[in-house]
Amino acid sequence: MAATTTSRAPATPLRNRINPKPWRSDQRVISNFNPTIPRSERRRTLAVLATLRRDNRDDESHNAIEGKNKNSIELQSLLEDFPYELNSKDSNSLPRPLTSTYFSNSVSDGSRLRVAYQGVHGAYSETAAEKAYPNCEAVPCEQFDTAFEAVERWLVDRAVLPIENSLGGSIHRNYDLLLRHRLHIVGEVKLAIRHCLLANHGVKVQDLKRVLSHPQALAQCENTLTRLGMVREAVDDTAGAAKFVAFHKLNDTGAVASSTAARIYGMNILAEDIQDDSDNVTRFLVLAREPIIPGTDRLFKTSIVFSLEEGPGMLFKALARHARSRASQLDTAVLTAFVVFLLLNQIESRPLQKQALQMLDDNNNGFPKRFPYLFYVDFEASMADQKAQNALGHLKEIATFLRVLGSYPADISMS
Ligand SMILES: O=C(O)C(=O)Cc1ccccc1
């Protein structure tokens, strides 16, 4: 999170100070607090949810691999028929049908794909949603977890959420939500972020005492904002900041947001490209209810999360022990190390946080499980690749918990 200076800022979050009604006119925002889903749509959702619950009773949690210890039978059997296991002889062991409709703009009935994003019209996440699915219906959500829930409840078909930024680092909240929810990563989108300093017409830089924006945006513009001596106030999203300043006709407050947000809310651009580094790229994940069939026809990435009982050093020790004791399998042990340590694009370890590391067990029976150390790893390989499957098989032997979050085409547009 950005270090946010709040000396002049009121303690209440921006959200609470906005009268929500004026903003309602342009687009419906999915909110945790005030559901705006029409009754007919809610009825349809309830019907779908009822069917879903029925299906889920027959349907094993398909891409979770976990167990209390590495010898657990449950853990063993789950790995054997998880959705990326392509060698299964028994087609009945495969989970629900996988969809390959990623990056298709419509759903099966031909209607436009509905894609949830966090923020309001003009947020970078909306642009990312439109990059992933041109012509989609982008659906604004107040919070990240609202977007997750919107997909889970069939209100939308996908969610596009930021996960990391080349300057600001990881968006931890979304890592935690990935674990708590059961959505699958079906794609990634990289977006070049170019921040502008916005103000109402007639307002000069010297008039500005404070600036509002998303914490990541404030962090990415740290140098510029420090140089200008501005008090920073964190709000839910960049476009929401612009909207707030415009609606309240503030003359002493600016917003860090995109030029698109400036156009939408009729604001003046006082300065362009104010981020600390011109090479400012945010990576967004595309989430869906079902995984896609991983291919080998293009560059794929696989994202996993795993836990180790005894801490980070355990991974290295276990791999070394494994290589010594099973010389014939040295190649696969080395491969595991290779995949995990060398091919990985991103490793994220989450601190011990009771709340963050708790989630319901796979049967959703209400008992939270805790994991002492969690690692999120992305590596450039498809789960259709036998080597990746072998590597994860070995990782499973030393992990107390392992889940494949998704195997999906890499966005190579920014490489
Ligand atoms: O606030 C937004 O517009 C977002 O979509 C989140 C964000 C903030 C800063 C950089 C990239 C994404």
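Modeller: The model is predicted. One may begin with the location: the ligand sits in the largest cavity.

Biologist: Which residues are around the ligand?

Modeller: A residue counts as near when one of its heavy atoms lies within 4 Å. Here the residues around the ligand are A123, Y124, S125, I193, H214, Q216, A217, Q220, D237, T238 and T282. They divide into four nonpolar, six polar and one charged.

Biologist: Which helix gives the most to this shell?

Modeller: Helix α8 does, with three residues. Both α5 (124-132) and α8 (215-220) supply at least two residues each.

Biologist: From which domains does the shell draw at least three residues each?

Modeller: Those are domain 1 (14-18 + 194-271) and domain 2 (22-52 + 101-190 + 283-288).

Biologist: How should I read the polar contacts?

Modeller: One looks for pairs of N or O atoms within 3.5 Å. In this model, a polar side-chain atom of S125 lies 2.5 Å from an oxygen atom of the ligand. For T238, a polar side-chain atom is likewise 2.5 Å from a ligand oxygen. Y124 contributes through its backbone, with a polar atom there 2.9 Å from an oxygen atom of the ligand.

Biologist: How much of the ligand's accessible area does the protein cover?

Modeller: On its own the ligand has 320 Å² of accessible area, and the protein covers 99% of it.

Key
Residues numbered from 1 in each chain as written. Predicted model: local features only at pLDDT ≥ 70, side-chain atom pairs only at ≥ 80, totals over all residues. Heavy atoms only, no water. Polar contact = N/O pair within 3.5 Å; in protein donor to acceptor, adjacent residues only side chain to side chain. Areas by Shrake-Rupley, 256 points an atom, 1.4 Å probe, with all protein chains shown as cover. 1 Å grid on protein atoms, 1.4 Å probe; cavity = no way out; pocket = protein on both sides within 12 Å on 5 of 7 lines; lining within 4 Å. Sits in = over half its atoms within 2 Å of the grid points. Helix = DSSP H or I, 4+ residues; strand = E, 2+ residues; numbered from the N terminus. Nonpolar A, V, L, I, M, F, W, Y, C, P; charged D, E, K, R; others polar. Domains from an automatic or database assignment.
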